[in-house]
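Good morning, colleagues. Please bring the sequence and the structure up on the screen, and I shall then take you through a selection of local features.

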Amino acid sequence: MENVLRPLIVIGGAVLLTLVIGWATDLLLRKADQRHHETPLWGLLRRGRIPYQLVLCAALLRGSYDQAQLLDRHEETAGRTLTLVLIGAAAWLVIRIAAAIVETSYSRYARAHRDPARVRRVRTQVTLIMRVVSAVVGVVAVATMLLTFPAFRAAGASLLASAGILGIVAGVAAQSTLANMFAGLQIAFGDMVRIGDTVVVDGEWGTVEEITLTFLTVRTWDERRITMPVSYFTSKPFENWSRGTPQMTGIVYWHLDHAAPLDAMREKLRDILRECPAWDGRAYGLDVTDTTPNTMQVRALVTAKDADDIWTARVTVRERMIRWLSEEHPYALPRVNTADAVLLRARSNGGPSRDGGGPARDGEGPSRDGTGPRRAYEPPSTGR
């Protein structure tokens with residue numbers, strides 16, 4: 001009977017005590033979260049309930065397992081297993097606590113500062129800091145687990161003796177990986193690119209969605225994801241439209257006929273922008289920037305508060321201006337003449353006629369077929 005009750009009391013008592021302590025701790029955190037609404041720290045700490053209870057249970061079982069006298073033949077294996085569970089749960093709990101502290105600091109900073117660029121920069125730094133902390137804690141936990149095995153402790157001396165050679169070999173083998181890691185830290189604290197920035201890389205326009213120690217993900221306007229090593233951003237030029245102030249100036253080009261009504265187009269551009277919510281009202285303009293034998297290049301400048309609004313303003317101006325020209329001033333659109341020009345006939349009395357003969361008046365002179373008078377002016381036909 002004692003062989004049955006002893007394991008039940010030891011194991012059941014450890015589990016019951018773990019549940020009671022975990023429930024009491026969670027209750028205190030819940031009350032603290034309700035009392036202090038200005039900080040999310042207490043609510044975030046509640047995310048560590050599971051690793052916290054695992055640490056308590058593993059510690060209690062590890063300390064009282066000898067008293068249970070259960071599986072005496074495998075006592076050493078069970079004890080080592082509980083130790084490994086305790087180390088892993090402790091590392092998990094440390095990561096959760098660090099994440100709660102870091103996220104609380106970031107939320108306070110975001111509420112205190114209204115500058116989106118600075119908030120995105122801190123967000124990028126916080127994300128990479130958490131990844132570094134998680135990696136360090138994970139490496140330390142794995143190393144501690146390995147040291148619980150006697151074979152690894154015995155091999156420690158020989159490993160330390162060859163640590164220099166192994167370090168050189170590992171450095172050469174992981175050169176690109178280390179370069180990306182240092183590039184990730186440089187991006188995080190050098191403020192080169194941040195999460196949420198609008199960038200143009202390799203001709204692709206998109207938003208930075210994720211930054212890690214080794215790679216960076218850009219979400220394009222058509223919902224694609226471009227993943228590239230972070231070393232790309234430290235070794236090659238790229239466009240960052242969110243660097244500094246997010247305000248932008250956009251350009252719209254048209255190729256029009258030389259007779260296009262420029263003054264009327266300026267007034268129409270003003271009317272279009274007044275009805276466009278994406279325009280921030282800072283500035284606009286319309287000018288002729290180039291000419292060709294057949295057309296002229298007209299450029300419109302518009303402003304907006306960020307990259308998304310400048311895209312909306314540009315496509316709105318381009319579409320509505322073309323529609324207005326085609327409806328109100330169709331002659332302003334590019335044309336291709338396919339007929340020869342016809343010289344004007346003199347309208348005054350006594351002037352030379354078109355065929356080099358004597359004077360002719362309007363409505364006088366033989367027609368082309370020789371049967372009647374013809375007009376003094378015949379407009380050329382065009383092949384529009």
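Glu-223 is exposed, with a relative accessible area of 52%; exposed means over 50% relative accessible area, buried under 20%, and partly exposed in between, with a 1.4 Å probe and protein chains only. Glu-223 sits in the loop that runs between strand 3 (215–220) and strand 4 (225–229). Helices (H or I, at least four residues) and strands (E, at least two) are DSSP runs, numbered from the N terminus. Although Glu-223 is not a glycine, its phi is positive, at about 70°.

Before I continue, a word on provenance. This is a predicted model, in which local features need pLDDT of at least 70 and side-chain atom pairs count only at pLDDT 80 or more, while totals for chains, interfaces and linings use all residues. Residues are numbered from 1 along each chain as its sequence is written, and side-chain values use heavy atoms, with hydrogens and water left out.

A second residue with positive phi is Asp-202, where the angle is near 55° in a residue other than glycine. Asp-202 belongs to the loop between strand 1 (198–201) and strand 2 (204–211), and it is exposed, with a relative accessible area of 62%.

The protein has twelve helices and eight strands. Of its 384 residues, 31% count as buried. Among contacts between residues at least 6 apart in sequence, 62% join residues at least 24 apart, where contact means heavy atoms within 4.5 Å.

Which residues does Val-55 contact, leaving aside its neighbours within four places in sequence? They are Leu-86, Ala-89, Ala-90 and Leu-93. Val-55 itself lies in helix 3 (residues 49–68) and counts as buried at 18% relative accessibility. Between Val-55 and Ala-90 the C-alpha to C-alpha distance is 6.0 Å, with 35 residues separating them in sequence.

Thr-104, in helix 4 (residues 75–112), is buried as well, with a relative accessible area of 4%. Its side chain reaches the backbone oxygen of Ala-100 at 2.7 Å. With neighbours within four places in sequence set aside, Thr-104 is in contact with Thr-39, Pro-40, Leu-41 and Leu-44.

Asp-257 is found in the loop between strand 6 (248–256) and helix 11. Is this residue, at 10% relative accessibility, buried or exposed? Asp-257 counts as buried. Beyond its neighbours within four places in sequence, Asp-257 has contacts that include Asn-294, Met-296, Tyr-331 and Arg-335.

Finally, I come to a helix pair. The axes of helix 11 (residues 262–274) and helix 12 (residues 307–328) come within 10 Å and cross at roughly 135°. That makes helix 11 oblique to helix 12; angles under 35 degrees count as roughly parallel, over 145 as roughly antiparallel, 65 to 115 as roughly perpendicular, and the rest as oblique. The axes are lines fitted to C-alpha atoms, for helices over the stretch in contact, with angles from 0 to 180 degrees between N-to-C directions.

On the helix 11 side, the contact is made by Ala-264, Met-265, Lys-268, Leu-269, Ile-272 and Leu-273. Helix 12 contributes Thr-316, Val-317, Arg-320, Met-321, Trp-324 and Leu-325. By class, this contact has nine nonpolar, one polar and two charged residues. Here Ala, Val, Leu, Ile, Met, Phe, Trp, Tyr, Cys and Pro count as nonpolar, Asp, Glu, Lys and Arg as charged, and the others, Gly among them, as polar.

Notes. Polar contact = N/O pair within 3.5 Å; in protein donor to acceptor, adjacent residues only side chain to side chain.
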